[in-house]
Amino acid sequence: MKMLKTKLLRSFLFALLPFSVMAQNFSGYNWYFGNSPQGVRFSRSDNSASLVNNQATPFGTGGSAVASDQVNGNLLFYTDGANIYDVSHAIMPSGTGLAANSSGNQPVAIAKVPGQDNQYYIFTNDANFTT
């Protein structure tokens, strides 16, 4: 009976492991906005928000996308769909000439390359529809 309880407990803890790993994803902790030098950074300890006012300007008037480190929440890079800026808010090498409509609502999106720790896809939207 004791062995059965031990096996059940181990199975239960093993089943909970993915939830604890997923809870450590800090990739959404930096928010940058278009047409403003300001952004928001969320605290990793209590999720409180703090104002960030060192974003590169000029920045597009529409949406933007941000890549943050999943482990610690640190800013990696961000883009307005026209340029890509690094953590020091300088344009990255080969980070110009993106063809997005940077005044659109969602001109750009960032996705991590599956299986790669430090490679990302940047998708741009050049649509110019009126609503």
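The model is predicted. One helix and nine strands make up its secondary structure. Of the 131 residues in the protein, 29% are buried. Among contacts between residues at least 6 apart in sequence, 41% join residues at least 24 apart.

**Four-stranded sheet**

- Strands β4, β5, β6 and β7 form an open sheet, in the order β4-β5-β6-β7. The pairing is antiparallel.
- The edges are β4 (65–68) and β7 (91–96). Each has a single partner strand, so one side of each lacks a neighbour in the sheet.
- On average, neighbouring strands of this sheet are turned by 15 degrees against each other, direction ignored.
- Within the sheet, β5 covers residues 75–79 and β6 covers residues 83–86. These two strands pair in the antiparallel sense over three bridges.
- Across this pair, tyrosine 78 stands opposite tyrosine 85 of β6.

**Three-stranded sheet**

- A second open sheet to note has three strands, in the order β1-β2-β3. Its pairing is antiparallel.
- Here β1 (30–32) and β3 (49–52) stand at the edges. Each pairs with a single strand, so one side of each is left without a neighbour in the sheet.
- Neighbouring strands of this sheet are turned by 20 degrees against each other on average, direction ignored.
- Strand β2 spans residues 39–42 and pairs with β3 in the antiparallel sense. Four bridges link β2 and β3.
- Phenylalanine 42 stands opposite alanine 49 in β3.

**Glycine 73**

- Glycine 73 sits in the loop between β4 and β5.
- Its relative accessibility is 0%, so glycine 73 counts as buried. The cut-off for buried is under 20%.
- Tyrosine 29 is 44 residues away from glycine 73 in sequence. In space, their C-alpha atoms are 5.6 Å apart.

**Positive phi at non-glycine residues**

- Histidine 89 is not a glycine, yet has a positive phi of about 70 degrees. Its place is in the loop between β6 and β7.
- Histidine 89 has 19% relative accessibility. That value is under the 20% cut-off, so histidine 89 counts as buried.
- Serine 94 is not a glycine either, and has a positive phi of about 60 degrees. This residue lies in a strand, β7.
- Serine 94 counts as exposed because its relative accessibility is 75%. The cut-off for exposed is over 50%.
- Strand β7, which holds serine 94, is an edge strand of the four-stranded sheet.

**Second largest pocket**

- The second largest pocket holds about 170 Å³ of space.
- Its lining consists of Ser68, Asp69, Gln70, Val71, Leu76, Lys112, Asp117, Asn118 and Tyr120.
- By class, the lining divides into three nonpolar, three polar and three charged residues.
- The lining includes Ser68, and residue 68 belongs to strand β4 (65–68).
- Leu76 is also one of the lining residues, and residue 76 falls within β5 (residues 75–79).

Technical notes: Residues numbered from 1 in each chain as written. Predicted model: local features only at pLDDT ≥ 70, side-chain atom pairs only at ≥ 80, totals over all residues. Heavy atoms only, no water. 1 Å grid on protein atoms, 1.4 Å probe; cavity = no way out; pocket = protein on both sides within 12 Å on 5 of 7 lines; lining within 4 Å. Points joined across faces, edges and corners; volume = space filled by probe spheres on them. Nonpolar A, V, L, I, M, F, W, Y, C, P; charged D, E, K, R; others polar. Pairing = 2+ DSSP bridges. Axes fitted to C-alpha atoms, helices over the stretch in contact; angles between N-to-C directions. Buried < 20%, exposed > 50% of the residue type's maximum accessible area, 1.4 Å probe, protein only. Contact = heavy atoms within 4.5 Å.
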